[in-house]
Amino acid sequence: MVKLFNVRDYGAVGDYDPVTHTFTDDTVAFRKAWMAAIASAKRINVGEGNGWSGQAVGIYVPTGFYHVDVSSDVLVGSGTVGEAIRGLDIYGDGPHNSVVYLEGDQYFVHNTNAFGFFKFRSIGFVGITGKERLMKMSSSGTAQAVDRFDVFTSNLGQLYFIDGGANADYCSHVLCNDNHYSKTIAFIEIGNPQSVQHTFSACHALTYSTYLLVHGGGNIFWYGGGVLVFGTDKFIRLDDSSGTGIGTLNAMYSFNGMHTEFHDSSGMLYCNAVARIVFRDCDFMVHESPGQIGFQLDSLGSLTLDHCGLDMKVQVNSNESTFARPDAAFVHVKDCYLVNLPENLFATAHPFFNNAAGRGKAKFTNCRVTSSTGVSPHTELAAADCYINYDVGFDHHTRTPNVICLQGSANEGRGLPNATPYTFNIAAARAFIYMIKIVTRVETPQRFVVSGPVGLNFLAVSAPFQRYSTSHCDIEVTSSDKLTVTNLTDDNFADGYVLVFYI
């Protein structure tokens, strides 16, 4: 059984009026309830600190609007490992019934290695000036964990800041709704390299600046929820400013089922750390400036977009000019619904693809392009059917197949009109094509010819009833060069031809 410490028993009134800004200050009452709970929750340090004494305790905040002054830290947990307490549960009667109005620029809870864990549950926090901060954890000797369940925050400057350098921190967030007001402070900042995991389940967020800033630690998992971004900075920043990869080294960042809307020039992600980042089943809606830079990798990091809707550009910055580092930036967009052609959704800030030994990759696989782009039907068809492996740059001259299907079936009325050339790019910057293969799925009498840039014609020719034909060409294709495919037969539609490029 949890032993409760009701803030009203220690003098809290809960009469804050957000319209008139009149109130009875409840700061002292919260501190008294906190200290009483700490005294009840002391634990005995036995062996590795696993010996517990005392009951589970909770600070209960009944229905009401409470004013708490956070011009200095209010609820402080301090002490050595041997004095650490069992943990606290801070909860109310619902996030819109029990609301704590904070005023000031410091922390409501500042835990300096005193708790094993604590919780916020069914309670709301509102910042009066927009500078208020909910929580800070400074770990120096023991693991800490924080759970939030059914918590509403509004107009806060920061939800929490984690620093320190020992053991591990964990945070879980379930059914939370956070409105981040500050335009200068990250809503969540993680700076402990031992911080292990932060999980968000069915959470919603609105922010005017960076929501997640990680420069130490990592492993973030987000499931569901909606995100609204009004600021000019990226929603997520994985920022290894030291350039060493320490902290975010090999960390995993997974975002699943998110609905995101961007209302100005902000984007989703910035990364300059060794990190593995995955977005699955997410959509990215841009209300202003569609096609902006939404995902940016600076030399490092692996980014995967899987089964997403995408109208934001991906940018890779790289100065690599020698053999690829194993942690060089890599982007894979697969099974996504694009609002523009792949080459229009990928950008580079440094011309690393202009060097034969340049590093960095971007691959688009099995994606579809929406009809709202205004491109020609054949271009759209080529970008929509079958596969698009859009692969620029390469490692150690490995042969990577880039597959594109130019037609579906005669019954569907798709394909190339007879004797009509179709010209397209296969790379954004530079590629060396080793082989072109035309694969015939169904034996039909149609014939295709593939022509290269000026002076390089008939790179591959299909023949009636042949399964495939190949040509070893070893040609270089730059951003200004194009390949052309022409249907040489009298039939308007061809059935089942696939072009494979090896670069």
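View 1. In strand 24, Phe279 is the bridge partner of Phe255. The model is predicted: local features need pLDDT of at least 70 and side-chain atom pairs count only at pLDDT 80 or more, while totals for chains, interfaces and linings use all residues. Residues are numbered from 1 along each chain as its sequence is written, and side-chain values use heavy atoms, with hydrogens and water left out. Strands (E, at least two residues) are DSSP runs, numbered from the N terminus. Strand 21 pairs with strand 24 (residues 275-280) in the parallel sense over six bridges; two strands pair if DSSP finds at least two bridges between them. Strand 18 (residues 220-223) also pairs with strand 21 in the parallel sense, over four bridges, and Tyr253 of strand 21 is the bridge partner of Ile220.

**View 2. Asn256 in strand 21.** Five of the six residues of strand 21 (residues 251-256) are buried, where buried means under 20% relative accessible area, exposed over 50% and partly exposed in between (1.4 Å probe, protein chains only). Asn256 lies in this strand and counts as buried because its relative accessibility is 17%. Leaving aside neighbours within four places in sequence, Asn256 is in contact with residues including Trp222, Arg280 and Cys282; contact means heavy atoms within 4.5 Å.

**View 3. Positive phi at Asn155 and His307.** Asn155, in strand 10 (residues 144-156), has a positive phi near 65°. His307 is not a glycine, yet its phi is positive at about 55°. His307 is placed in the loop between strand 27 (302-306) and strand 28 (309-310), and counts as partly exposed because its relative accessibility is 42%.
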